[in-house]
Amino acid sequence: MDKKNIRKEKRANQKIKLTGIYRSFTFAHTALLLAICTKDESYNTLHPRDEVNHLSNIYNNKNSINMNKIISMLLLAFFFTLCSCNREDLDDIRAAQSEMEARLSALEAWQKTVNTDILHLQTVVSSLEANDYVLSVTALSDGSGYVINFSKSGAVTIKHGAKGETGDKGDKGDTGDKGDKGDTGSAPVVSVSQDSDGVFYWTLDGEWLTDAEGHKLRVTGEDGKDGASGTAGKDAIAPQVRINSTSNEWEISTDGGSTWTSTGVPATGDTGATGPAGATGDSWISGISYSSDGENWSDTSSSDSKYVKFTLAKGGGELVFPTQAWAKAVETQLETLTGQIQAFSNLITGKSFITKVEEISESGGSGRKGQKITYVVAQADGSTGKEQTFTVYDGEKGADGTTPATPVIGVTKEGDNYYWTVNDEKLIDASGNFIPANGKDGAAGAPGTNAPAPQLQLGSALSGVSTDAAGNRIEDSFYYLSVDNGKSWYKVSGPKGDAGIQGPAGSTGATGPAGEKGDPGDSFFQSVEGKDAVSGNLLDVITFTLASKDGSGNNLTFEVLRYKAFFIGDNNNDGNATYLLDGLKTEIPLTLPSDYTPENYPALVGQLLMTGDDTSIVATRSSNGDPWKVEMKLEKSNDGTYTAKAIVTVPSSTTTEGDTRLLRISLITKNGGETTAARVLKFSLMGGYYYSDGTYSRLTPQPGSSAVPIGVIFYLGDVAKDDKQLKNEIGDTSTGIHGLVVALKDAPNGTDETNKIAWGPSGASIGNNNMGDDYTSISTTRPTDGGEAARNSTANKMLGYNNTLIIRNYNTNNSSAPVTALTAIDNNKGDGKTYPTPPANTSDWYLPSIRELCTLRNGESGLITGTDRRPGGSVDNYLPVNAALKKLNETIPGSASEVRSENERWYYSSSEWWAGSTNALMVSFGANHQPGAVQPAGKGDAHYIRPILAF
């Protein structure tokens, strides 16, 4: 026989001995009682608690010798029976009794814990159905479980299962082998699962728990029936478990402890040998995980964990709760949506205007792109309230369907009226009327009515509100809508229902359907078109497309005008900078307020004031004596909007380059108020166009004129001061408006696209060419180191017309070897050619002197000296000229080309070098190589030619 069977036989013998002892003791006790009863009838009337005392009195009675003998014999018999057990048997009996007491105590404690856990499980499920959300999940300090803090339901403690029992100590065998592991009693597992009807029911070991009629037991109570006289819902009763002390089996009650049903599962097994520790007992939660998007789960939580998932034991499915991070994200979303709704209410009144549309990215790590729209609302007095903003983000995928979907707030349009909708259904007020989204104008003399804007809030954010409009308690994770400025709140739901929960493992082990995902995140606005795609400037009309659709399935749209503050100028020339006049007559556009009508502003007044040398100082003299004039012009367009202009006229006889005036324009409001805009005007033709009819303007083409630009003005002043021949041609230029004009293109060489041309025959020296004292030699006199002596040098005098006449005479006499720098100009003059015939009272096209060429490059103040070939003064005078040439070529392609300024670009003058007349002087227009430098070149070298004319 093996050791195991020997031990079993030994245990059986111990049980036989214990049974014999017990029977002997019982027999002795019975015989003793019988003897007492026959001797003393009063015993039969004793209460059990007096039995021992009475027996003692009988034993001590000296007259009871016979009874003493009987008792002595019985005790002696019991003693001999007891002596048949050895000491080891008695120790085993005492140990087994002690262990049994400990196991029963542990099971009683577990029974209390599991009943508490069942109540906590019921609380968790109730929180889920009430759309409560989790504030935190904290591990207990001893690692035995977690504390789940709900927003409304409070704290719930979840304990892990207790350790399984340890087997009993085995007998001391001959070889001292360890005894076998005792059988472990199993405990029933009570949990929950969601059935196909969406209701949570209790389960026992993975099977549905039913009542006496076979109905599944709900975890939470039923809702009461609708109606004033509806019956109250039934409260759900949590199951209870216990151990039957008689049968030693687990029992369960589903009626609050009134009746108990055995599960057939023993609470404890037979005592066995000392075995290893049992496995961890079952808990109703087998795992906890976290997610920021409802799809990807992790065992660790983070600050952006928006969901927490509890995986139930025994195939009970999953419970997914939103967290406080989710609630904060939703509140932010609702703030954005509410801002959009309120903005829509303002924008469709026709009294709101957009001031800015800015591209933004959402903070917090998502990086979503969107637009921040700023607008103002015009007030009755003509002023505007402070700026208001709202944000429209690009759509993104919605959150997991386990949480309520955001209700879609929108509008529907019927005729000229908008009405609010929720999930495409029109909202109604308490009286059953549709709620308008746009207010209505009042009758004459009466104020209009404002339409209430819906407000959307998360239940957790409704502080001080306990019930909704239907009388139901406010639930944290649901959305509520108010259409009466927060007086009452209606619970609204999104287009998706709650997510399905994984079903329990049934008899076939099937898994319930997966929950649906929420729809893409909704916004009241679908898109905003407010900026020019190329320039990025704000459009005059901003188009809003709503998420709502009309009856044909098309998205609704509406338009809002750009806000225009009252100022002098237009979009391309606004602000408070000095306004450059176009010419002798300039039409200055006025930007009127967005709400301008003649009714709102009955008077428009313009005034010109003279300024001092400092343009910030306004002269006190009356503007009535000023030859500058201003005329106001107001026009109404076909679309009903108004445009205004200030027409400023400048007299040519008394105006000089750089003259300024202050233009002040006032709008008088209907209540007598005044809105004023002011701006400094400056007369400057630098960089303006010179036209074929002798006019000049900064505009191209010139409004109402068939004239075309033939050049760009680069200098204004007394151009004939030093040139007798020019004065003879165009007259005295010391008064009035006179200047120099550079041609639109370089002179062509007729052979290649470089257009580089040699100045003339190498070694030729022309000088005065024997033209008499009225002509100044083209060979310049040496300029000194500076001062007036340098200024008196012919190198620093404008003599280009004089020089051209001398060279032209030279060419006539030397036709076989002419100065090609001039023939390239003369051969391309005339109508339809590179250099159009100039108007009367102007010079012909000529080759500029070194001074005039330096003025084009560096400005008037830069003097040429003998020691420094680079004149001082401004070095960017050609830049406004090039800007005008570029603009003209963009307007009329092929009409102009910029003065060459890239790398090493040299232009020839009509002047010969003072140190050697066989060399011609030239100027560098290169931006990076000797910019503005004056340098001689051999006349056979090829460089660029650009003629000028004087007016």
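I looked up a sheet and found three strands in the order 10-11-12, open and with antiparallel pairing. Two strands count as paired if DSSP finds at least two bridges between them; strands (E, at least two residues) and helices (H or I, at least four) are DSSP runs numbered from the N terminus. This is a predicted model, where local features need pLDDT of at least 70 and side-chain atom pairs count only at pLDDT 80 or more, while totals for chains, interfaces and linings use all residues. Residues are numbered from 1 along each chain as its sequence is written, and side-chain values use heavy atoms, with hydrogens and water left out.

Why is one side of strand 10 and of strand 12 left without a neighbour in the sheet? Strand 10 (285-291) and strand 12 (318-322) stand at the edges, so each has a single partner strand. I then followed strand 10 along strand 11 (residues 307-312) and noted six bridges in the antiparallel sense. Ser 289 sits opposite Lys 309 of strand 11.

I read its four strands in the order 26-32-31-28, with mixed pairing. Strand 26 (579-580) and strand 28 (603-610) are the edge strands, each pairing on one side only. Strand 31 (residues 660-668) and strand 32 (residues 674-682) share nine bridges and are antiparallel. I found Ser 666 opposite Thr 676 in strand 32.

Then I turned to the nonpolar cores (sets of buried Ala, Val, Leu, Ile, Met, Phe, Trp, Tyr and Cys residues joined through side-chain atoms within 4.5 Å). Buried means under 20% relative accessible area, exposed over 50%, and partly exposed in between, with a 1.4 Å probe and protein chains only. The largest core has 56 residues, and Ile 588 and Trp 759 touch the most other members. Helix 9 (residues 820-826) gives the most to this core, with four residues. A second, separate core holds 43 residues, including Val 330 and Phe 558.

I listed the contacts (heavy atoms within 4.5 Å) of Ile 588, leaving out residues up to four places away in sequence; among them are Ile 568, Tyr 579, Leu 663 and Leu 681.

Last entry: backbone angles. Most residues other than glycine have a negative phi. Which phi value does Asn 755 have? I read a positive one, near 60°. Asn 755 lies in the loop between strand 36 (739-743) and strand 37 (757-758) and is buried, at 16% relative accessible area. Asn 841 has a positive phi too, about 65°. Asn 841 lies in the loop between helix 9 and helix 10 (850-858) and is exposed, at 66%.
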